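I am keeping these notes as I go through one structure, entry by entry, and I write down only what I looked up. Each entry takes one part of the chain or one group of residues.

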Amino acid sequence: MTYFSDKVAIVTGAGSGIGRALSEELAGRGARVILADVNPERVERAAEAVRAAGGRAVGARLDVTDSRAVQDLVDETLAREGRLDLMFNNAGIAVGGEARDCTLEDWRKVLDVNLYGVIHGVAAAYPAMVRQGFGHIVNTASIEGLLPFPGTIGYVAGKHAVVGLSNSLRIEGAGLGVRVSVVCPGYIRTAIFEDSKMINLDREKALEGMSSMKGMSPEDCARVILAGVRRNRAIIIVTGWARIMWLLQRLSPGLIRFIMQEHFRRHYRTLRIED
Ligand SMILES: NC(=O)c1ccc[n+]([C@@H]2O[C@H](COP(=O)([O-])OP(=O)(O)OC[C@H]3O[C@@H](n4cnc5c(N)ncnc54)[C@H](O)[C@@H]3O)[C@@H](O)[C@H]2O)c1
């Protein structure tokens, strides 16, 4: 028996990266996992891999920007499994670009998935968890939700909002039996950057820079997340670099602003295509 044995968990963005690794790790520890992703082939492959390894899993096509579809998935899960223990609002996209280069459409697209996707998951799962008197909502933000991060402006806005939402909901839910955690990873080696939109940036150069970074595997990231969930941590920071940056942000926000400004000037600005 493990802490996760027989727990019913929904994981969004489970077709790839952190969501897929979380689903595999949860199922490996005995949970019943509903893998959800906007990409039907990816999610079916991921669910099949979990089942092939002996886990209990079903795959579902889900676009987290569709509130009705998120509600339906939660309702179907409750009807079939009788309860919902864990809701991982993990689906996300990356969009790079400075504010001066982003159209309103660019802002909307990233906020629709990264912020409204989480809101839809909370709006569907939280009332059900309050009714049943237990449950744990785990929202994926980023270290970019805790620090100023120039050059990925819409992404940063969404991730800061997810941190604020999660920290506040944690307090509301505490007396009602519902736990809330927010995950803030540093660099994890997933497909998110290849799949990302880069606005007025030299894509090849940007990806080259990322590939030279060490980062953490999604599997190790999933293990850190589940350790934090088991201990009911409010904020789960993943990677050593992210921990150091978060510590510095609390000790000296001015120093972090300086570091970010220098990084932006020396590195990020060299990726810009047109001035
Ligand atoms: N990889 C990193 O370095 C890193 C760092 C910090 C935070 N994060 C966050 O972790 C989460 C997972 O990212 P990842 O790195 O595993 O990326 P990934 O691209 O490997 O996986 C994301 C998954 O989300 C799915 N998805 C995208 N839009 C969706 C939608 N509208 N509805 C449902 N599913 C959708 C994609 O199809 C994909 O399978 C994201 O929220 C991301 O912002 C990642």
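This is a predicted model: local features need pLDDT of at least 70, side-chain atom pairs count only at pLDDT 80 or more; totals for chains, interfaces and linings use all residues.

**Entry 1: Two loops around β9**

I began with Thr-239, which I found in the loop between β9 and α8 (240-251). Phi of Thr-239 is near 90°, which is a positive value in a residue other than glycine. Is Thr-239 buried or exposed? I counted 20 other C-beta atoms within 10 Å, and because 20 or more is the cut-off for a buried residue, Thr-239 is buried.

I then looked up Asn-232, which sits in the loop between α7 (218-230) and β9 (235-238). Asn-232 also has a positive phi, of about 55°, although it is not a glycine. Asn-232 has 11 C-beta neighbours inside 10 Å, so it counts as exposed, given that the limit for this class is 12 or fewer.

**Entry 2: Arg-83**

Next I turned to the loop between α3 (67-81) and β4 (86-89), where Arg-83 lies. I found 13 C-beta neighbours inside 10 Å for Arg-83, and it therefore counts as partly exposed. Leaving out residues up to four places away in sequence, I listed Val-8, Leu-78 and Gln-132 as the residues that Arg-83 touches. For one of these, Val-8, I also noted the separation from Arg-83, which is 75 residues in sequence and 6.9 Å in space, taken from C-alpha to C-alpha.

**Entry 3: Ala-21 in helix α1**

I moved on to helix α1, which holds Ala-21. Ala-21 counts as buried because it has 23 C-beta neighbours inside 10 Å. Which residues does Ala-21 touch, not counting residues up to four places away in sequence? I wrote down Pro-218, Glu-219, Cys-221 and Ala-222. Ala-222 is 201 residues away from Ala-21 in sequence, yet the two are 5.9 Å apart in space, C-alpha to C-alpha.

**Entry 4: The shell around the ligand**

I looked up the 30 residues around the ligand and found that Gly-13, Gly-17, Gly-92, Thr-190 and Ile-192 come nearest. I sorted the residues of this shell by type, which gave 12 nonpolar, 14 polar and four charged. Helices α1 (17-28) and α4 each supply at least two residues of the shell, and α1 gives the most, with three residues.

I checked the length of α4 against what its residue count predicts. At 1.5 Å a residue, its 29 residues should span 42 Å, and the C-alpha atoms at its ends are 40 Å apart, which agrees. I also noted that α4 bends by about 40° at Asp-112. Just after α4 comes Gly-133, which takes a positive phi of about 85°.

Conventions
Residues are numbered from 1 along each chain as its sequence is written. A residue is near a molecule or strand if its C-beta atom, placed from the backbone, lies within 6 Å of it. Helices (H or I, at least four residues) and strands (E, at least two) are DSSP runs, numbered from the N terminus. Ala, Val, Leu, Ile, Met, Phe, Trp, Tyr, Cys and Pro count as nonpolar, Asp, Glu, Lys and Arg as charged, and the others, Gly among them, as polar. The expected span of a helix is 1.5 Å times one less than its number of residues. The bend at a residue is the angle between axes fitted to the seven residues ending there and the seven starting there. Two residues are in contact if their C-beta atoms, placed from the backbone, lie within 7 Å.
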